[in-house]
Amino acid sequence: MSGTLYIVSTPIGNLGDITARALDTLRACDFVAAEDTRVAMRLLSHFGISKPLVSYYEHNRRERGEEVVRRILSGEDCALTTDAGTPVVSDPGGMLVAQCREAGIPVFTIPGPCALVSAFSLAGLESTRFTFEGFLSVNRKNRREHLDSLRTERRPMIFYEAPHKLLATLEDFAEVFGPERGLLVARELTKTHEESFRTTLADALARYRETPPRGEFVLVVDGAPDAPPADAADAFAAALEAAREKVAEGASVRDAARYAAEAYGVARNAVYEALRR
Ligand code: SAM
């Protein structure tokens, strides 16, 4: 009979946040597939657990996944962990879960800490809806497209960011969403220097230009206000400019018009006609 895959959430800072079920599962499993075996080793030894570990990370996930599936099919139980928080959420694991499902292996979640959920709960928002955007790409074009697709987003948007990229990200946000857009900054959650505060993009920029950001960050950016941020003429002008850039990069007039119309919430035909003039 096949074994089972357990997706085990681990603390995002404070080791006291490990759950009783996470500990039971780590004790009972046959092996742990860990994003970084040294990090997992520290966690396990803190709780007096000794288990065989295999590394499972971004660059070996396909082949290692196949090995893990073979072991589970032969009857072993596997606990999947990442360096912090919930595996699969901006972390490796999605492919392993899919491979296990394909092989008919039972998959269970052992829920626990997750930075995006903690940050959302700290934001003081009435909205029951939000979008999780993860990390912005470092690739300029992908980053731009990602941000453009969010220009008219009404739901609060949750982003992960590393400290050395935080300023560039806040600058891009201010350009796309406007400097007065509100956000929650959540830093070092559950750790000694935890802080969270509501501010605006302009004020966050001023603060971190003066004192360079340190630690781990989640940003919960307010959605667009009900009334469009700019009047219709501004939105149309911005859409047209974005469409012209796309054409200059080699896109067809039709594709450029579709892309810009969606990004800025304006009529596709109007952009198309203006491009052809
Ligand atoms: N799987 C994890 C989860 O469940 O939240 C996220 C892993 S992702 C590689 C790491 C990012 O999560 C960090 O760059 C940061 O944006 C966020 N993060 C993780 N721990 C955090 C913490 N203690 N405080 C604030 N943000 C944190």
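The model on screen is predicted.

**Stop 1: the domains**

Colour the chain by domain. The assignment gives domain 1 (5-113), domain 2 (116-221) and domain 3 (232-276). Now show domain 2 and domain 3 together. Their C-alpha centres lie 27 Å apart. Six residues from domain 2 and seven residues from domain 3 make the contact.

**Stop 2: the parallel sheet**

Select strands S1 to S5. These five strands form an open sheet, and the order across it is S3-S2-S4-S1-S5. The pairing is parallel. Look at the two edges: strand S3 (53-55) and strand S5 (107-110) each have a single partner strand, so one side of each has no neighbour in the sheet. On average, neighbouring strands are turned by 25° against each other, direction ignored.

Zoom in on strand S1 (residues 5-8). S1 pairs with S5 in the parallel sense, over four bridges. Pick valine 8, then find its bridge partner in S5: isoleucine 110.

H2 lies across strand S2 (31-34), S3 and strand S4 (78-81). Against S3, the helix runs at about 150°.

**Stop 3: the mixed sheet**

Move on to strands S6 to S10. Here five strands form an open sheet in the order S6-S7-S10-S8-S9. The pairing in this one is mixed. Strand S6 (131-134) and strand S9 (195-200) stand at the edges; each has a single partner strand, so one side of each is left without a neighbour in the sheet. From one strand to the next, the twist averages 20°.

Select S6 with strand S7 (residues 157-161). The two run parallel and are joined by three bridges. Show glycine 134; opposite stands phenylalanine 159 in S7.

Now bring up helix H8 (residues 201-210). H8 packs on the sheet and touches strand S8 (182-187), S9 and strand S10 (217-221). The direction of H8 makes about 120° with that of S9.

**Stop 4: the largest pocket**

Colour the lining by class. There are 13 nonpolar, four polar and eight charged residues. S7, S8 and S10 each supply at least two lining residues.

Notes
Residues numbered from 1 in each chain as written. Predicted model: local features only at pLDDT ≥ 70, side-chain atom pairs only at ≥ 80, totals over all residues. Heavy atoms only, no water. Pairing = 2+ DSSP bridges. Axes fitted to C-alpha atoms, helices over the stretch in contact; angles between N-to-C directions. Contact = heavy atoms within 4.5 Å. Nonpolar A, V, L, I, M, F, W, Y, C, P; charged D, E, K, R; others polar. Domains from an automatic or database assignment.
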